[in-house]
Amino acid sequence: WVGEIFDGLGCVEAFRQRGLALRDKSVQLIGLGGAGAAIAAAVAAEHPALLRIFDLNVERSEWVAEVVRRISPATQVVIGAPSTQGMDVLMNASPVGMLSDARLPLAVSNLPASMVVFDAIVKPEQTPLLQLAEACGCTVVRGREMMRGQIARMTDFFGFRPQA
């Protein structure tokens, strides 16, 4: 069996569609489950300067850190509690904020306006994190944009081409 996951590719595609570069940026990624691990790998392929990762599962964090180091040896990889200090991009791939969960994935009440904030959650479209980010003047990338990016990459993968 061989499987493919498109969450990471969809996330990077969403950034690309918005003209938002990840190369040479400092990125904080929260949540390293299936989607989060795929996002970490795809972001690593974009060669950020720093990728700070956090997951409640320490072994998973260490495994993802090693994957990122193999993909992008020049990227500094840090495992640690979520922080916005010095970060250009904040990414949430955890379930915190999903459905009726009003929590934030990290303890903040303010975000720098220069930060790009991404939330992989599709429902609700306006998560508590994205609501805070917009109130702080941040650029936001929504889970639905990642989903559209996934669809585009899936059709490429399976060889579907749009009809002329």
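## Helix 1 and helix 5

A crossing is called left-handed if the near helix is turned anticlockwise from the far one by less than a right angle, and right-handed if it is turned clockwise. With that in mind, look at this predicted model: helix 1 passes helix 5 in a right-handed crossing. On the helix 1 side, the contact is made by Asp7, Leu9, Gly10, Cys11, Glu13, Ala14 and Arg16. Helix 5 contributes Glu145, Met146, Gly149, Gln150 and Arg153. Sorted by class, the residues of this contact are four nonpolar, three polar and five charged.

Helix 5 covers residues 143-157, and its axis comes within 7 Å of the axis of helix 1. The two axes cross at roughly 110 degrees, and angles from 65 to 115 degrees count as roughly perpendicular. Helix 1 and helix 5 are therefore roughly perpendicular to each other.

## Helix 1 and helix 2

Helix 1, residues 7-17, also packs against helix 2, at an angle of about 55 degrees and with the axes 7 Å apart. The pair is therefore described as oblique, and the crossing is right-handed.

From helix 1, the residues in this contact are Asp7, Gly8, Leu9, Cys11 and Val12. Their partners on helix 2 are Ala35, Ala38, Ile39, Ala42 and Val43. By class, this contact has eight nonpolar residues, one polar and one charged.

## Helix 2 and helix 3

Next, follow helix 2 (residues 34-44) to helix 3 (residues 58-71): their axes come within 9 Å and cross at roughly 20 degrees. That angle makes helix 2 roughly parallel to helix 3. Helix 2 passes helix 3 in a right-handed crossing.

## The largest pocket

Now for a feature of another kind. The largest pocket has a volume of about 260 Å³. How many residues line the largest pocket, and which of them lie nearest its centre? The lining has 17 residues, and those nearest the centre are Gly31, Leu56, Ser94, Pro95 and Val96. By class, the lining of the largest pocket is made up of 11 nonpolar, three polar and three charged residues.

Note on methods: Residues numbered from 1 in each chain as written. Predicted model: local features only at pLDDT ≥ 70, side-chain atom pairs only at ≥ 80, totals over all residues. Heavy atoms only, no water. Axes fitted to C-alpha atoms, helices over the stretch in contact; angles between N-to-C directions. Helix = DSSP H or I, 4+ residues; strand = E, 2+ residues; numbered from the N terminus. Parallel < 35°, antiparallel > 145°, perpendicular 65-115°, else oblique. 1 Å grid on protein atoms, 1.4 Å probe; cavity = no way out; pocket = protein on both sides within 12 Å on 5 of 7 lines; lining within 4 Å. Points joined across faces, edges and corners; volume = space filled by probe spheres on them. Nonpolar A, V, L, I, M, F, W, Y, C, P; charged D, E, K, R; others polar. Contact = heavy atoms within 4.5 Å.
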